[in-house]
Amino acid sequence: MSATTETRAMPIAEGRRRSGLLGRLPLHLFVIGLMVIWLIPTIGLFVNSFRTPTDATSSGWWTALFPPEAFSIENYAYVIQRNGIANAFLNSLLITIPATVVPIMVAAFAAYAFAWMRFPGRYLLFIAVVGLLVVPLQTTFIPIQKLYAGFGLNGQLAAVWLAHTGYGLPFAIYLLRNFMAELPREVFESADIDGAGWASKFFRLALPMTIPAIAALAIFQFLFTWNDLLVAIIYIGANTDNQPMTIVVANLTQSIGGGWQYLAAAAFLTMAVPLLVFLALQRYFVRGLTGGAVKG
Amino acid sequence: MQSTRSRSTILAALGSAAMIVAACTSPSTSSGPGPTTVVGPTTAPGQTQAAGGDDISGETVTIIGTWGGDEETAFHEMVKPWEDETGATVKYTGTRDLNIILSNGIQSGVLPDLAGLPGPGQMKEYAEAGALVDLTSVLDTATYESETAPALVELGKVDGKIVGVFIKSAVKGLIWYNPTVNDFSGSAPATWDELKAAITANASKAKSGWCLGVESGAASGWPGTDWIEDIVLRQAGPDVYNSWWQGQTKWTDPAIKSAWETFGTVVADSFGGGTGINATNFEVAGDPLFAAEPGCLVFHQASFITGLGAFKTKTAGTDYNFFPFPDINTQFTGAVEGAGDLFGMFHDTPATRSLMKYLVTAKAQDVWVKHGGALSANKNATSYPDDISKRSAELITNAKIFAFDASDLMPQEMNAAFWKGVVDYVADPSKLDSILKDLDDTQASAYAE
Amino acid sequence: MDPRLVNAIVVVIGVPATLVGYILLVEQILRALPSRMQPRIRPWFWMLPALAFLGVFLVYPTIQTIIRSFQNRAGNAFIGFDNYAWFFGNAGQISTLVNSLLWVVLLPTLTVGLGLLIAVIVDRVRYESVAKSVIFMPLAISATAAGVIWFFMYLWQPPGEPQIGTLNGALDTVGAGPFDFRATDDFKFNTIMLVIVMAWMWTGFAMVIISAAYKGISRELLEAARVDGAGEWQVFKGIVWPLLMPTMAVITTTMIITALKAFDLIYVMTGGQFDTSVIAFEMYRQVGFNQLGRSAAVAVILLIAIVPVMLFNIRNFRAQEAIR
C-alpha cells in the first residue's frame, strides 16, 4: 500500500538523497535524536513494568538493563488474568468504533455546509461551534443522565458512544470545515457543469479529497474514546457487563494507593490498539493522495 | 481511611461538576432532589421482584466502592458466602471517582444499590437529600450496636437514624520501626518526651530520626494532616480536637499553632528534609527504614501501610513492628485516632437488605480481616492474620478516647486547604503564621452554608 | 453470537447508512422545492444531525452552567456577579489565571512549532512512518499512565541517595542536581515542566495533521520552484509556509483550547499544589468544595477566555471565503 505510493514519490526525493550521505548526516542525527528523546520516558516505565514495585522505587530503571537482570512478567500476567478483561476489551471496541464513525459522518455533512453553502448566520453559527470546544464535559453529565433515564439508556453501550459523538463534534466540524474550505473551487464548478447535485459533489468529490483530514480525525477521536474513563464510568456505572477496559484497569489500583505497576502494564497492553489504528490510517498521509486537492 | 477518602473526594472533583447543572435543573433544589427516581432499580438488568418472601435467588445487587486490587479481591471473598447461600449475585465496580458518581447520581437518580460513601460529610448530605435508606430496620440493630465500636456506630448516624456502616476501618498514628535497627518493643516510649529521648539516644543508627513523605498526587499533604491531628488530640485533648474540626477553634489558636510547631520538630529531623518530604510519596516514605544504611529510626503512618511499599514484602514482627502514638499530655492518655470506609444503601429491595445485613456480621467481617490489610469495626471479627493487625484492631476497640480523622470530618474545602497548608509548611516552616492565617480565612468561608 | 456484537454491527453499518440515506432523501425533497428556496433551506438540513447532537450534549448544559454562575452556593437565589467578583478578588485565583496564560502561550508554541518541524523533516527520511509513530505514541497513553511515566522522569531523592528518576539520574552522572522538578516554582519552573509533559503528548497530534496538509501540497509546485533555483529555505518560506498557514491556524486554536482545558495531567502530577493550578483545575476544585456557583463562574470564564481565539477564527473564515 504505502510502499507503492512511496515508490511513486521516489524520483523527486531521489535527487536530494543522492546529494551525499555526509550532507544528510545531520538530518539523520536530528531525527534519531528526537526519537530517542521522545522514547526515553516511555522506555523507563516500560522497563519498570517488568520489575517489582520495590525494585522500581529503589533503583533507577536503567540499572535493570545490566546484570543481574530481575525481570518478571508478573504485572502483565496479573492484568491479563483479571476477571472480565476480555469482555471489557470487546466493550471498548464496541464503544470506540461507533463513537469514531458516527461523529465523523455527522461532522462531514455540517462541515460541507459551512464550507460551501452560503447562508445567513453562518459566521456566528460556526463560531458558536468552535466555542463549544471549550465546554467542560463535566457540566453535561446530569442533564444527559436524566435524558437517558427516559430511554433506559443508562448503563448501555449506546449511552457512551452517543455522548462521545456529541462531545467530539465541535472539533470534528472545525477541522473538516477548514480542510474542505481549502478544496479548489474549480473542481466543484466543473462538476456543476456536469449537472452534479450537492449530494453527488459531496460523496464523489469533497469526501474523497478530505481523506487525510478524516484519517487524522479518526485517529484522534478513536484515541480520545479509547482512553476515556470519566464519561464511561458516568454512563455505564456499575453495570459490569458493559464496562470498557479503562474502568477495569482503574480497578487494578487500591483505594489507599499502590498498584501503579499494574496500571503501567495495562497502559502498554491497551495502547497497542490505538497504535494499530494509527499505523493503519497513516497510509492516508502520503504525498500525492489528495492529488492537488489543496490549491497551489 | 484518610487517603481513600481524600483521594476519592478530590478525584470526585473531577466531575461532580455535574452538580452545577443538576442544581439548576431542579430550581427548588434546596429541598429533596428527585427521591422518586432514587428508589427504582437502575443498572441491574435481570432484576425481577422476588415472588414474595425472601427468595432473592437470581437477583443482582450493584455496588460501587473505592476498593481496587487486593481490596476488591477481599470484598469479593467477603460476599461469596452470601452469594452461595442466597443465589443472588453482586456486581461490584471499584473507582476513584466514587464521589462524582454518587453526587451525580443523587441529582439524576442513577444510583447503584449499595455504595461506599466518600466520607461522613457526604453521607450527611446524601441522607438529607433523602437518598440513603434508613438501616435501622434493615440491620439487626441490637447485635450491630453491641458488636461495633460505639464511636463508629455514632458516626454512621444522621438524625438518630443509621444510614452508614463501617465496612472496614484503620487506626491512625502508629509509629513503625525496624527492630533490626533499633528494637523499641522492650520499652516502647509511652510519652512524647520519652520518644524524643529514644530518638536522640539512637541517632547514630540511622541518617535521621524520622521518615516522612506527604506526596499523594492530588491529595498531597494528607499524611501531614494526620500528624497534626494526632498531636492536637494528645496535646490539647478531644474537646479542642472536636471544636477544631467543627470550625469553632481557629487555626491561629495557640493550641493548634503549637501542634504545628511540634510537627515542625519532626519535619526538621526527617530523612530528605523539606524537599524530600514533599517529593516522597507516602506509600514508599517508610522504605528507608529497611535500607542497608537506614534512613530513619521511626515512621508515622496508619495501619494500612503494611499493604504498601516495602512493608508489603517484609514480615510483620521480625522486619517491622509498631508502638502506638505516645501520650503528649498525660491528661488525655489512651486517645486513638481512627478512620474507616463507610457504606450505605440507596435502593431498598429484599436482596439489598439481605446483603447489607450480612455485611456487618462478624462472619462476613472475618473474611476480610483474614485476608489482611484491613481492620474491622466489628469486635467479634478477630481472625487477623498476624499479631500486628490484631494489636492495631485492639487499639480501636480499647480506646479510652476515640477520635475520627479530623480532616475527613472537615468540609472538603477546609480539608484541601489543610493539605496545602502542610505542603507549604514543610517547604518553609518560617511561613507558619501566614499559613495559619490563610487557613483561618478558609475556615471562615468553608463552614458557611 | 453475542447480542451486543449484533447491535454493534447494526450500529456501525446501520447508522452511517441511515445518515447517507437521510442526505439523499433531503436532496430529493429539496429538488421538489422551488429553486429559489433551495439554497436557503439546504444548509440547515445538512447541519441538522450535527446541530441536534450539539444542542443536546453541549448547548443545553452550557446554558444551565451560565445561569448557575449567577446563583449562590445552594443554587436557590441569584446573587449577580458575586461569584465572578470572588474569582477576580482572590490572589490564589489570579495566580491560576497567570498559570493558564503561560499554558496558552507555551503549549501551542511547543506543539505546533515542533509538530511543523518534525512533519517537514521526517518527510525526507525513509523511516518516516517509524519516526512519526514514535512521536505520536505518547498520545495513545492515558493521562494517568503519562503521570506515572513522568513521575519516574522527575523523581527526586535526597542528595547522596541513588537517584531513581531519569532526569536526576542523568544529572547525577555529570555531578549536578538533584533537582526538584515538581515543586520548584521559581519563575514558574514547575508549570513549565508540566507543559513539557503535555507537549510530549500532543506534539504528535500537531505533527499528524500538519503532515497531512504538507503531503497535500503539490509536488510539481515545489519541484518547479527548485528547478527555478530556489533553495530549500526559500521553498519553505515562499510556498510551504503560506500553504500550511490555514492548517496551522486550526492546530493552534485546538492547542490553545487544550491548554485552557488542561486538567488531568495537573491533577495527576501535582494536584494543583506548588502553585501549579490552572483555571480548568480550579473549576473542578470548587465543585469538590460544593461551591457550584463559583465553579460555574470559572467555567464561564473559561468560555469567555476563548473569545479572542474565536475572533481570529472568524477572520480566517472570511479570508478563506474571500480567496476562492
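Visitor: Is the crossing of H10(C) and H14(C) left-handed or right-handed?
Guide: A crossing is left-handed if the near helix is turned anticlockwise from the far one by less than a right angle, and right-handed if clockwise. Helices (H or I, at least four residues) and strands (E, at least two) are DSSP runs, numbered from the N terminus. For H10(C) and H14(C), the crossing is left-handed.

Visitor: Before we go on, what sort of model is this, and how are things numbered?
Guide: Residues count from 1 along each chain as its sequence is written, while chains are lettered from A and ligands numbered from 1 in the order in which they are written. It's a predicted model, where local features need pLDDT of at least 70, side-chain atom pairs count only at pLDDT 80 or more, and totals for chains, interfaces and linings use all residues.

Visitor: How are H10(C) and H14(C) oriented to each other?
Guide: Axes are lines fitted to C-alpha atoms, for helices over the stretch in contact, and angles run from 0 to 180 degrees between N-to-C directions. Angles under 35 degrees count as roughly parallel, over 145 as roughly antiparallel, 65 to 115 as roughly perpendicular and the rest as oblique. H10 (residues 232–261) and H14 (residues 307–323) of chain C pack at about 160 degrees, with axes 11 Å apart. That angle is why H10(C) and H14(C) are roughly antiparallel.

Visitor: Which residues of H14(C) make the contact?
Guide: Two residues are in contact if their C-beta atoms, placed from the backbone, lie within 7 Å. H10(C) brings Pro246(C), Ala249(C), Thr253(C) and Ile256(C). On H14(C), they are Val309(C), Asn313(C), Asn316(C) and Gln320(C).

Visitor: Which residues of H10(C) does H8(A) meet?
Guide: The axes of H8(A), residues 157–181, and H10(C) come within 10 Å and cross at roughly 165 degrees. The crossing is right-handed. From H8(A) come Phe171(A), Tyr174(A), Leu175(A) and Asn178(A), and they meet Pro246(C), Val250(C) and Thr254(C).

Visitor: Which helix gives the most to the side of chain A that touches chain B?
Guide: That contact takes 32 residues from chain A and 46 residues from chain B. On chain A's side, the elements giving two or more residues are H7 (141–151), H12 (230–236) and H13 (245–250). With six residues, the one giving the most is H7(A).

Visitor: And how much of chain B counts as buried?
Guide: A residue is buried if 20 or more other C-beta atoms lie within 10 Å of its own, exposed if 12 or fewer, and partly exposed in between, with C-beta atoms placed from the backbone. Chain B has 19 helices and 12 strands. Of its 449 residues, the buried share is 59%.
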